[in-house]
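Biologist: Please put the model up, and let us talk it through one question at a time.

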Amino acid sequence: MDDPLVYLNGQLTPLSEARIPVLDRGFIFGDGIYEVIPVYKRKMFRAEQHLARLFRSLDAISIANPHTKPEWLALIQTIMDAHPADDQMVYLQITRGVAKRAHAFPANVTPTVFIMTNPIVLPSDAVRAKGVACVSLEDKRWLHCEIKSSSLLGNVLAAQYAAEHDATESIQFRDGFLTEASSSNVWIVKGGKLMGPPKTNLILEGIRYALLQELCAANGIVFEARNITRAEVFAADEVLLSSATKEVLPVVSIDGQPIGAGVPGPMYKKLYAAYQAAKAA
Ligand code: PDD
């Protein structure tokens with residue numbers, strides 16, 4: 001469906017007809033937050049966690065939550081039901097609203113609320129079988145990466161750098177330590193352990209962060225959150241990406257250097273299988 005029904009400020013409208021005023025602060029300042037929720041067989045996956053993060057993001061930038069949780073769920077459900085695909089990716093964006101241009105928050109502004117959905121595009125079996133190439137990059141983003149802000153210029157530039165180097169993602173380092181990729185979290189495997197950077201302001205806590213922790217616990221895999229050096233990433237047995245749209249995905253090279261055996265490894269296979277089981281549960 002090229003022109004799905006979307007929700008914008010209380011109205012249901014075809015995407016092609018949805019309009020916001022040019023003074024929307026999302027457009028002028030990137031003053032907003034967003035969320036991406038995967039849907040499998042017409043059911044949101046980890047809806048509670050995604051909504052909790054949406055609420056945290058709103059709170060972090062002092063936008064009053066315009067809806068209750070049941071209202072959000074009902075709005076998303078309406079948009080999902082109107083789409084013919086069983087497996088979808090719901091996108092929500094809330095901006096501070098429309099006001100005369102001035103940096104500080106305007107008084108009495110109504111947030112802009114937008115919800116759309118599209119068929120989810122997951123990595124193909126061929127991509128999964130081969131694994132993906134990544135490049136490394138100095139993390140030059142701001143210091144509030146924990147907020148799922150729609151101000152994504154740093155991530156956009158990192159993604160473009162990857163695209164220009166025929167890579168799936170840019171894996172970023174700040175002061176020599178692993179942070180995250182342009183639109184996914186990054187994990188390393190060493191000696192049978194899954195390790196990722198701690199949850200700080202330097203990374204977005206992906207909804208798959210806690211999920212992978214749970215999958216490790218259920219499968220007897222040691223999970224460790226700690227600072228990881230660049231050398232450790234390159235010397236890892238495996239490197240994995242996680243996100244709503246990548247699920248878990250094996251990285252087989254960074255900057256042209258093979259990671260481990262240079263093929264998707266056993267930890268990836270175990271976690272991918274566990275992830276598929278969690279989706280089906
Ligand atoms: N991106 N880190 C960044 C910078 C991200 O943009 C994302 C997700 C993640 C993983 O979060 P989650 O597991 O909740 O998807 C980590 C989404 C998919 C996007 O921007 O489209």
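Biologist: How do the residues that line the second largest pocket divide into nonpolar, polar and charged?

Modeller: This is a predicted model, where local features need pLDDT of at least 70, side-chain atom pairs count only at pLDDT 80 or more, and totals for chains, interfaces and linings use all residues. Residues are numbered from 1 along each chain as its sequence is written, and side-chain values use heavy atoms, leaving out hydrogens and water. Ala, Val, Leu, Ile, Met, Phe, Trp, Tyr, Cys and Pro count as nonpolar, Asp, Glu, Lys and Arg as charged, and the others, Gly among them, as polar. On that basis the lining divides into 5 nonpolar, 1 polar and 4 charged.

Biologist: Which element gives the most to that lining?

Modeller: A pocket is an open set of points on a 1 Å grid over the protein atoms alone, with protein on both sides within 12 Å along at least five of seven lines, and a lining residue has an atom within 4 Å of a point. Helices (H or I, at least four residues) and strands (E, at least two) are DSSP runs numbered from the N terminus. Strand S4 (43–44) and helix H8 (266–280) each supply at least two lining residues here. With 3 residues, the one that gives the most is H8.

Biologist: What is the volume of the largest pocket?

Modeller: Grid points are joined across faces, edges and corners, and a volume is the space filled by probe spheres set on the points. For the second largest pocket this gives about 210 Å³. For the largest pocket the volume is about 1,000 Å³.

Biologist: Which residues are closest to its centre?

Modeller: The lining of the largest pocket has 47 residues, divided into 21 nonpolar, 17 polar and 9 charged. Helix H5 (153–164) gives the most, with 7 residues. Closest to the centre are Tyr34, Lys148, Leu152, Ser182 and Ser183.

Biologist: Which residues line the largest cavity?

Modeller: A cavity is a set of points where a 1.4 Å probe fits but cannot get out. The count comes to 1 cavity of 30 Å³ or more, and about 30 Å³ of space lies in the largest cavity. Its lining is Glu238, Val239, Pro250, Val251, Val263, Pro264 and Gly265.

Biologist: How far apart are the end C-alpha atoms of helix H2?

Modeller: The expected span of a helix is 1.5 Å times one less than its number of residues. H2 (residues 47–60) has 14 residues, so it should span 20 Å. The model agrees, with its end C-alpha atoms apart by 20 Å.

Biologist: Is arginine 25 buried or exposed?

Modeller: Arginine 25 lies in helix H1 (residues 25–29). Beyond its neighbours within four places in sequence, its contacts (heavy atoms within 4.5 Å) include Asp31, Arg96, His103 and Phe105. With a relative accessible area of 3%, arginine 25 is buried.

Notes:
Buried < 20%, exposed > 50% of the residue type's maximum accessible area, 1.4 Å probe, protein only.
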